[in-house]
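I set them down in the order in which I looked things up.

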Amino acid sequence: MPFSLILDDAMPNRHMQSSRHEFVRVSTLSERFRYGVGRILANSVVTWLQIVGVTLAKLLTTPFLLNALGAENFGSYAAATSIALLTSFLTGAMQATSLRAIALEAKDADSRGKLFNALLGLHLWTAVCVLLIGYSLGSWVVAHLLVVPEDVRSTVQVVFLITLGTAAFGTLLAPYEAYLQYKERFAVFAFLDLARSWLLVPVSYGLMYYDGQRMIIYATIMAASTILTNLVGMAVVLYDDPLTRPRPTQFFNPAAYRKHGAIFSWSLVGSLSAVARNQGLTVLMNVLGGPTASAAFAIGNQMQGALRQLASSIQVVLAPRVYSKEASGDRNEMVGAALAACRISTLVAVALAVPLVVEMPTVLLFWLGDMDPTIAFVARILILSQLVDQTSVGAGMANMAMGQVGRFQSIAGGLSLLVLPLGYGVGVLTGDFRDALGVSVIVVGIVVVARILLLQSRAPGIMRRWGIETLSRVAFASVPPTVIAIAVASLLPPSLSRLALTIAVTSAVFGVSAYWLGLSAKERAMLAGLVSRVNRQS
């Protein structure tokens with residue numbers, strides 16, 4: 001299923017009274033600022049703990065599943081589920097539209113209930129489209145285009161249908177996820193996501209000793225756990241805010257459809273581009289290099305995914321605040337928060353990427369055993385691509401907040417979509433699927449520049465600020481840990497102890513360099529004051 005981080009800023013209805021008192025108590029500007037920073041820090045910690053826990057679960061699940069299915073079947077499974085999830089671009093676009101609508105328009109109880117049910121109606125139609133498009137086109141692709149062993153093609157078809165049905169169900173309940181994100185309910189989704197991820201660890205381990213249809217069993221349990229997670233999230237929202245209870249008579253609201261349907265149509269391009277760079281590339285790897293290539297991409301994509309989620313947690317935490325600042329007319333504060341998301345999320349990504357890239361062969365050896373060295377190349381390319389993309393994620397968020405949905409999605413999203421035809425053309429021309437991944441890095445770099453230039457048109461001076469506050473600070477902060485990691489790798493033989501030493505030393509060095517070189521003096525003072533305040537309270 002498409003991963004979504006669910007979040008809590010405005011408070012749930014049943015806590016509204018106490019929250020108002022708390023806001024009055026935090027009355028001065030400086031106190032309110034520190035309160036907001038503390039909230040961001042707390043939400044970030046919860047999200048990071050979730051991501052670390054989920055990543056650890058995947059680290060255990062992957063070798064078990066790879067052993068149970070075999071490399072070719074593992075790659076076939078990844079390709080089949082990716083085709084089903086290609087239709088999730090509709091879900092992503094609609095959920096982004098719902099989050100924006102809830103954050104900007106749900107100001108009173110009456111309008112919130114009507115708006116939410118109108119969004120449920122839009123998601124109902126979207127879920128129907130997911131099923132129709134996925135079944136009609138996806139089934140043909142699985143049957144005729146995917147490169148899979150013939151003895152498992154019918155099994156792969158069943159896996160595709162299971163995943164497609166689960167995706168449609170998730171689309172239907174996506175407004176509840178958007179509502180939780182608006183409310184910044186990190187802890188709720190963190191618990192659900194952790195429970196679902198760790199459930200799959202014993203499941204994948206047990207599959208190694210099961211002689212039946214392993215792919216179908218795994219897909220079914222994955223689907224059931226995902227559906228249960230969606231239902232629990234829905235129950236939490238209904239408990240917090242009864243106005244979100246489904247009212248079918250309010251599902252069909254032509255005025256809301258016209259208003260939010262237009263935004264949804266523009267969001268489609270951006271959502272489709274995000275899906276193309278993940279699920280689309282998985283399918284492309286399969287077409288160019290067969291199931292082994294898609295298996296290598298799926299494994300490398302797990303590392304990129306962990307990196308993306310950890311770094312993007314900053315973006316997700318700041319998203320509601322960026323929208324609220326823009327809604328209140330505070331453009332300068334909104335842009336500042338967006339640039340902070342660019343810089344800090346990239347720093348977080350670098351902290352994980354440096355030891356991973358340097359020690360990639362060692363990581364794969366102890367994680368999966370003696371694997372094809374192609375996996376190390378693929379993983380490094382995907383991590384590099386993610387680092388490049390991370391440098392401008394906040395700019396994309398700012399463009400959306402300012403209402404440049406159409407221009408942003410058509411330009412940045414349209415450029416991102418080029419990765420599939422260009423990658424396919426280069427891969428066919430050279431005969432090596434790895435060259436298609438090189439094309440993806442180039443396209444991501446072009447998209448990064450496009451995001452900043454688009455923001456520059458509405459906020460002059462952003463290009464220079466981005467270069468100074470993001471690129472230069474991240475580059476300076478990255479040099480010391482990179483040099484240390486390379487030195488350790490060149491002086492010691494490959495081993496688990498060397499891997500642990502590299503991670504420990506680079507983490508310590510990067511913490512110091514990020515503090516002194518990655519943060520501004522104002523941010524260092526703010527962080528020091530926050531830590532001092534926490535120490536006094538404890």
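Which residue just after α14 takes a positive phi? I found that Gly403 does, with a phi of about 85°. I note here that the model is predicted.

**Entry: helix α14**

I then looked up the burial of α14, which spans residues 393-401. Nine of its nine residues are buried, so the helix is largely enclosed by the rest of the structure. I listed the buried residues as Val393, Gly394, Ala395, Gly396, Met397, Ala398, Asn399, Met400 and Ala401.

**Entry: nonpolar core**

I turned to the largest nonpolar core and recorded 128 residues in it. The residues with the most contacts inside this core are Leu146, Met285, Ile299, Met360 and Leu364. Helix α10, residues 254-327, supplies the largest share of the core, 19 residues. I followed up Leu364 and set aside its neighbours within four places in sequence; its contacts are then Ile299, Met303, Gly369, Ile375 and Ala376.

**Entry: α11 with α12**

I examined how α11 (residues 331-358) meets α12 (residues 360-368): their axes come within 4 Å and cross at roughly 80°. On the α11 side I noted Leu356, Val357 and Val358 in the contact, and on the α12 side Met360, Pro361 and Val363. The contact has six nonpolar residues, with no polar and no charged ones.

**Entry: α11 with α18**

I next compared α11 with α18, residues 462-491, and found that the axes come within 9 Å and cross at roughly 15°. The two helices are therefore roughly parallel to each other. I recorded their crossing as right-handed. By class, the residues of this contact divide into 15 nonpolar, six polar and four charged.

**Entry: α7 with α9**

For α7 (residues 174-182) and α9 (residues 214-240), I noted axes that come within 9 Å and cross at roughly 55°. α7 and α9 are therefore oblique to each other. α7 passes α9 in a left-handed crossing. From α7, the contact uses Tyr176, Glu177, Tyr179 and Leu180; from α9, it uses Asn230, Gly233, Met234, Val236, Val237 and Leu238. I classed these residues as seven nonpolar, two polar and one charged.

**Entry: Ile217**

I located Ile217 in helix α9. Not counting residues up to four places away in sequence, Ile217 touches Leu207 and Tyr210. I also looked up the C-alpha separation of Ile217 and Leu207, which is 8.4 Å for two residues 10 apart along the chain.

**Entry: Val509**

I placed Val509 in helix α19, residues 496-518. Its relative accessibility is 24%, and Val509 therefore counts as partly exposed, since buried means under 20% relative accessible area. Which residues does Val509 touch, not counting those up to four places away in sequence? I recorded Pro480, Pro481 and Ile484. Val509 and Pro481 are 28 residues apart along the chain, and their C-alpha atoms are separated by 5.6 Å.

Notes. Residues are numbered from 1 along each chain as its sequence is written. This is a predicted model: local features need pLDDT of at least 70, side-chain atom pairs count only at pLDDT 80 or more; totals for chains, interfaces and linings use all residues. Side-chain values use heavy atoms; hydrogens and water are left out. Axes are lines fitted to C-alpha atoms, for helices over the stretch in contact, and angles run from 0 to 180 degrees between N-to-C directions. Contact means heavy atoms within 4.5 Å. Ala, Val, Leu, Ile, Met, Phe, Trp, Tyr, Cys and Pro count as nonpolar, Asp, Glu, Lys and Arg as charged, and the others, Gly among them, as polar. Buried means under 20% relative accessible area, exposed over 50%, partly exposed in between (1.4 Å probe, protein chains only). A nonpolar core is a set of buried Ala, Val, Leu, Ile, Met, Phe, Trp, Tyr and Cys residues joined through side-chain atoms within 4.5 Å. Angles under 35 degrees count as roughly parallel, over 145 as roughly antiparallel, 65 to 115 as roughly perpendicular and the rest as oblique. A crossing is left-handed if the near helix is turned anticlockwise from the far one by less than a right angle, and right-handed if clockwise.
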